[in-house]
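Trainee: Could you walk me through this one? I would like to take it piece by piece.

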Amino acid sequence: MDKKVLLIAGVLVAALCLVARMFYLQIIDEHYKVSAQNNALLYQTQYPARGEIKDRNGNTLVGNKTTYDIMVTPIDIQEFDTADFCMTFHVDINDVRRKLKNYRENRRKIGYQTFTFIKQVSGQDYSHFAEKAYKFPGFYAISRTARVYPYEAGASLYGYINEADSAYLANHPEYRRGDYVGITGIERSYEDVLRGKKGYNIMVRDVHNRIRQSFKNGEYDVAAEPGKDLIASIDGPLQQYGERLMKNKVGSIVAIEPSTGEILAIVSAPGLTVEDLSNIRKEYSRLATDPYKPMFNRAVMSAYPPGSVFKTVNALIAQQNGVINSETRFSCSRGFYYGGGKMGCHGHRSPLNLKESIMMSCNAYYANVFRAIMKDPAHQPISEAFNHWKEQVNKFGIGVKLGSDFPAELPGTLPSTKTYDKIHGKGKWSAFNILSLAIGQGEVGATPLQIANVAAIIANRGYYIIPHLIKNAPDSARRAKYTEKHWVDIDRQYFDPVVEGMYLAVNAPAGTGGTARRAHIDDIVVCGKTGTAQNPHGRDNSVFMCFAPRENPKIAVCVYLENAGAGGTWAAPVASLIVEKYLRGEVLRKEMEQYVENTDLKHNVPVKTKKR
């Protein structure tokens, strides 16, 4: 066989292969027909229902309602009655005309693309549209879901969803324009779980681009997969009660179950309401410019001076380092005097041992404690002692992010040796220069979440589990993270005098020096520590942390109130009401409840307003 014959045979074989392949693709294999590039077909996106969020008792905190987006394929638009269209959807006729003009001017660029014309139309308006949809060629509706909040509490921690913007789309190619995404709170942290998976219906166009029927009777349609539900650690009634107590106040409440790290309630006041979340696009500008910053979650974002609650941390570290013991006594003459300076203190009997120092919150005692830590012969010079102390404080979750599932969590503040080298000069500072750290003032700052976590550590006698908002973490990595015990490396026996001091602060007989008598609850043993944190912007901040009951604690709480004064006066009563509500299910101390609810402390807080 000569070369010419071989060449002809080769060409014929190749041609037959090509014809066979084309026959397969065009006649047998349908997949090319359902390609997104096929202009004869219209893909109508089916959006999934977002997963719901329920509280630890099964109450629905965040649910869904059906709404509709009105879609438009500009190439399919024909003349229609714009006035009737606008009356149907209660929209401005000028906005409609402006959009239609844009479509006409960019028709070549737009081609067969489909756009969202009106977002989140109510079921009633959709019904009116469905009756006369034939009058508006090129327009059709797709079902969407919008969030509803049956339990009127917790808006600040749920967060809100919004349409993904250009920056988000650029970093998340799996999303498309028109998709909604969690922006803050749980909605953001668990976006991958809640969002579900989109589907689509494929419709056939005729030669005039009119939609005629479903392609292949829906054989290639893909159903949307709804998002997964989440069970939050939040106790709905407790969250609602906490927000009620914080009305007309500025600050935070954080309540944690010590044994699990589950957050029972987290309140930031003033905060978002569920009405704000339901209308976030409309209300965003007002909320963003409110001088009290309701969109700023103080519970996880404000680095406050912890004040005297921080004394418990220094007491534990000092014992572990062997520089004091439970019977170490220090004197106090209304303060601690040093080199011409003075750290003031209130009047009380003297000298005190460790448990009494916590009960009475003696500043002089902790000035001596902190000085002993900085002079520890096992860690010298002072820079080494300071770094060792800082490492120990970090283990309590202060000055570092705890790693909660709240996306906006901040680490608080804790100074370094570089801080003081810069202020005083390297090697030129001593314990007296940084003495304010002894009582939780100066350069240390902690969030209310971190302070509540310290209370949980003491309740557990030495460990914490990272505080978290979701009970049923949906993957093994998350589950492991929120079940691991983080030990602070303080021997258990050193917690005993600290717990006893916190017990006496609340439960010692009147007149004996307990600073938190207003937190006392009959039949519930509360252990707590007050704090009155100096505030450069007005009155002192009121702080209180506690846990209850003393043995096998079920709840640990931090209350932080801005510009409210003494910790025992305001923060302690609020915290005790939270404890009583959770452990009893009801509050019997009605006078205390009314005392807290009817007091407006918000007016004490100075705010900056923009001049108009």
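Trainee: Where does His 379 sit?

Mentor: His 379 lies in the loop between α16 (363–374) and α17 (382–395), where helices (H or I, at least four residues) and strands (E, at least two) are DSSP runs numbered from the N terminus. Keep in mind that this is a predicted model, in which local features need pLDDT of at least 70 and side-chain atom pairs count only at pLDDT 80 or more, while totals for chains, interfaces and linings use all residues. Residues are numbered from 1 along each chain as its sequence is written, and side-chain values use heavy atoms, with hydrogens and water left out.

Trainee: And what does His 379 touch?

Mentor: Not counting residues up to four places away in sequence, His 379 touches Glu 384, Ala 385 and His 388, contact meaning heavy atoms within 4.5 Å. The side chain of His 379 also makes a polar contact with the side chain of His 388, at 3.5 Å. A polar contact is a pair of N or O atoms within 3.5 Å; within protein, one must be able to donate a hydrogen and the other to accept it, and residues adjacent in sequence count only if both atoms are side-chain atoms.

Trainee: How far is His 379 from Val 204?

Mentor: Their C-alpha atoms are separated by 79 Å, and the two residues are 175 residues apart along the chain.

Trainee: Switching to domains, what does the assignment give?

Mentor: It gives domain 1 (41–231) and domain 2 (247–271 + 298–603), with bounds that come from an automatic or database domain assignment. The C-alpha centres of domain 1 and domain 2 lie 48 Å apart, and 13 residues of domain 1 are in contact with 17 residues of domain 2.

Trainee: How many salt bridges does the structure hold?

Mentor: There are 28 salt bridges, each defined as a side-chain nitrogen of Lys or Arg within 4 Å of a carboxyl oxygen of Asp or Glu. One of them joins Glu 191 and Arg 50, whose closest N and O atoms are 2.5 Å apart. That pair links distant parts of the chain, since Glu 191 is in helix α9 (residues 191–194) and Arg 50 is in the loop between β1 (41–46) and β2 (53–54), 141 residues apart.

Trainee: Are Glu 191 and Arg 50 buried or exposed?

Mentor: Both Glu 191 and Arg 50 are buried, where buried means under 20% relative accessible area, exposed over 50% and partly exposed in between (1.4 Å probe, protein chains only).

Trainee: Which strands do Arg 144 and Asp 69 come from?

Mentor: The side chains of Arg 144 and Asp 69 meet in a salt bridge of 3.0 Å, N to O. Arg 144 lies in strand β5 (residues 139–148) and Asp 69 in strand β3 (residues 60–72), so the pair ties together parts that are 75 residues apart in sequence. Arg 144 is buried, with a relative accessible area of 6%, and Asp 69 counts as buried at 2%.

Trainee: What about Arg 550, which partner does it have?

Mentor: Arg 550 forms a salt bridge with Glu 500, the closest N and O atoms being 2.8 Å apart. Here Arg 550 is in the loop between β18 (541–548) and β19 (555–561), while Glu 500 is in helix α21 (residues 495–507), 50 residues apart. Arg 550 counts as partly exposed at 22% relative accessibility, as does Glu 500 at 21%.

Trainee: Where is Lys 529, and how far away is the nearest side chain of opposite charge?

Mentor: Lys 529 lies in strand β17 (residues 527–533). Lys 529 is buried yet has no salt bridge, and the nearest side chain of opposite charge, Asp 540, is 13 Å away; for charges, Lys and Arg count as positive and Asp and Glu as negative, with His and the chain ends not counted. The side chain of Lys 529 does make a polar contact with the side chain of Ser 361, at 2.7 Å.

Trainee: Last topic, why is helix α2 described as largely enclosed?

Mentor: Because 6 of the 8 residues of α2 (residues 82–89) are buried, the helix is largely enclosed by the rest of the structure. Its buried residues pack against β3, α3 (93–105), β4 (115–121), α5 (123–131) and β5. At the N-terminal end, Asp 81 caps α2, with a side-chain oxygen 3.1 Å from the backbone nitrogen of Ala 83.
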